[in-house]
Amino acid sequence: MSQPAIEDFANEDRLFPPPQGFQAEALVADDSLYREADADYEAFWARQARELLTWETDFHTTLEWELPDARWFVGGRLNVSVNCLDRHVAAGRGERVAYHWEGEPGDTRTITYAELLAEVERFANVLKGLGVERGDRVALYMPMIPELPVAMLACTRIGAAHSAIFGGFSPDSIIDRVNDGECKVVVTADGGYRRGAPSLLKPNVDEALESCPSVTGVVVVRRTGSDVTMRDGRDHWYHDLMAGAAPQCPPEAMDAEDLLYLLYTSGTTAKPKGIMHTTGGYLTQVAFSHKYVFDLKPEHDVYWCSADIGWVTGHSYIVYGPLANGATSVLYEGTPDTPGRDRLWDIIERYGVTQLYTAPTAIRMFMKWGAEEPEKHDLSSLRVLGTVGEPINPEAWMWYHTHIGGGRCPIVDTWWQTETGAHMITPLPGVTDLKPGSATFPLPGIGVEVVDDNGNPVERGGGYLTLTRPWPAMLRGIWGDPQRYRDTYWSHYPGRYFAGDGAKVDDDGYLWLLGRVDDVMNVSGHRISTTEVESALVDHPAVAEAAVVGATDDLTGQAIVGYVILRGTAEGSDALVEEIRQHVAHKIGPTARPKRVIVVPDLPKTRSGKIMRRLLRDVAEGRDLGDTTTLADPTVVDAIRTSAAEGPGSGG
Ligand code: PRX
């Protein structure tokens, strides 16, 4: 037998069917959607598009597909802000709360659909007044304040595309993105609150705009009251322009395939890619998935996605999906440990949050902080929990299920990407029997196959995750670089989209994500996923969080080096490190036993919370560090170096 593309070690036999009471009330409780989509996926999506959205002109063709170019809902015309706002107000739901906004210092705003529409129309006129026209791009560099969704929706109202730039990014990142998209206007704020203090944004814009010739206007929201310089003729206060803006702005009817937004994903080394999302298909799939994956009952639910709007999760599941569905959401500006480590649980209790959508990295941090924090609050309003961003280790899943969900909430582990625009692999909470750590099955209408090195489907075991057919929310390209679009996604395996992730299929056909294939380790010819070893490490009771990398090794090609953060009370020692190594061997097999385990105080993460394994490889191989500009906290690496040289597991 030939070597598998990626080895398959872990075996999970816990199974959590949908709780009976939940299933009885669920929007879907059987396999009808799957069957419908299997029979004819285009007809399935056409039905969703017509049922979930309001079209100004109906489409005549569901899909035109010539790899790698897709056109969905051809001939259809619609306006996104109308779908997110006007139609709810027209239906008499203008008084429903769109956002319960909470600032980090504790200030709050309640914004109804009618109020949001009024503000969006005014701001759309502000943008027009600054010369923004249909087809232009507007950069948004903002904190998590209501003016951010307002600005996004105002762009959609007049047919301009937005390009959101995460507020943690540096002036250089602003320059790259603004220039690549040739943005005309930048919307920003003086700053936002993070960890109890204002974090300034406007000075970064000022620095960046020295090198951005396309920008003619800047709008600044006053959030923190910090001193900022305003350049005459270019910079304007949001409140001044709004005071003078006309209250009504008729929506532009956009083609289903008109550009809705650009969102840049940073490859680890190369220039960031401007991922293009268009109008009709994107809105259909985000509305569909938000409704069914979270079992949304908009008249009762208070939904909360704790991501930042600057990432795709916020675009799709704070702004477009929830608003298209007329949902009430929580929008929180700040960090989860300000003023206390129970901030999230306090918010859930006060607003009666019913769905919480967060990231595994956050869950592991909550685990490290301990169950006493959520125990201070009544979390009984929660019905569905979600995760996104990376594979969730079974132990973190169990902790989330037990300590946040009270054992009664289904967990939807949603696999998707900036490029896919919306959920692709995820349970449906009233339908799917869950296995901790598995994203389970493709959504209805989505085609997924795991393949081997030759592109042949793998029925059972590990390989590469591919998507076998177009989907409505798929990226339509990389801005300005069609060749890179084709090369990156469509040329690895003929006829398939390659996601860059490893995955395995278990005996029951469940899908398990194994992390980025670039991170797969090769130990004596065995290809081992970082995810499985990390999950085995986190399975040890003393370990809160883990990252593993393959470091060059004379004997085995690569050797597994594990970096672990211990739970609150655990003490690092050589004996514990040895015990943790053996735990991995016992849990998933001796081939996967790390050669070294190093206890560290923290792990290097990007600002969106993904572990930067490349830097850990540099440390393990004693190299100078590569580019560290995308690190959330650059001091972490020094602490890890010291631990690697002197701490438990250093051998020193
Ligand atoms: O590796 C997968 C991981 O995150 C990547 C996409 O990252 P990004 O474009 O930043 O979008 C994040 C929010 C959708 C994927 O290629 N990923 C995301 N969700 C999961 C995941 N890995 C495993 N399980 C998930 N649920």
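In this briefing, Ala, Val, Leu, Ile, Met, Phe, Trp, Tyr, Cys and Pro count as nonpolar, Asp, Glu, Lys and Arg count as charged, and the others, Gly among them, count as polar. By that scheme, the shell around the ligand holds six nonpolar, five polar and five charged residues. The structure is a predicted model.

**The ligand and its surroundings**

- Around the ligand there are 16 residues, of which D413, T414, Q417, T418 and D501 come nearest.
- D413 places a polar side-chain atom 2.7 Å from a nitrogen atom of the ligand.
- T414 takes part through its backbone, where an N or O atom lies 2.7 Å from a nitrogen atom of the ligand.
- For P391, a polar backbone atom is 3.4 Å from a nitrogen atom of the ligand.
- The ligand would expose 540 Å² if taken alone, and the protein buries 88% of that area.
- Two elements give two or more residues to the shell around the ligand, namely α11 (312–324) and β25 (511–516).

**A pair of helices**

- Helix α17 spans residues 530–538 and helix α18 spans residues 574–588; their axes come within 9 Å and cross at roughly 120°.
- The crossing in which α17 passes α18 is right-handed.

**Cis peptide bonds**

- L67 and P68 are joined by a cis peptide bond, with omega near 0°.
- The position of P68 is in the loop between β1 (61–66) and β2 (69–74).
- The peptide bond between T338 and P339 is also cis, and its omega is about 0°.
- P339 belongs to the loop that runs between β17 (329–332) and α12 (343–351).

**A positive phi angle**

- R195, a residue other than glycine, has a positive phi, near 50°.
- The loop between β9 (191–194) and β10 (197–200) contains R195.

How values were computed:
Residues numbered from 1 in each chain as written. Predicted model: local features only at pLDDT ≥ 70, side-chain atom pairs only at ≥ 80, totals over all residues. Heavy atoms only, no water. Near = heavy atom within 4 Å. Polar contact = N/O pair within 3.5 Å; in protein donor to acceptor, adjacent residues only side chain to side chain. Areas by Shrake-Rupley, 256 points an atom, 1.4 Å probe, with all protein chains shown as cover. Helix = DSSP H or I, 4+ residues; strand = E, 2+ residues; numbered from the N terminus. Axes fitted to C-alpha atoms, helices over the stretch in contact; angles between N-to-C directions. Left-handed = near helix turned anticlockwise from the far one by under 90°.
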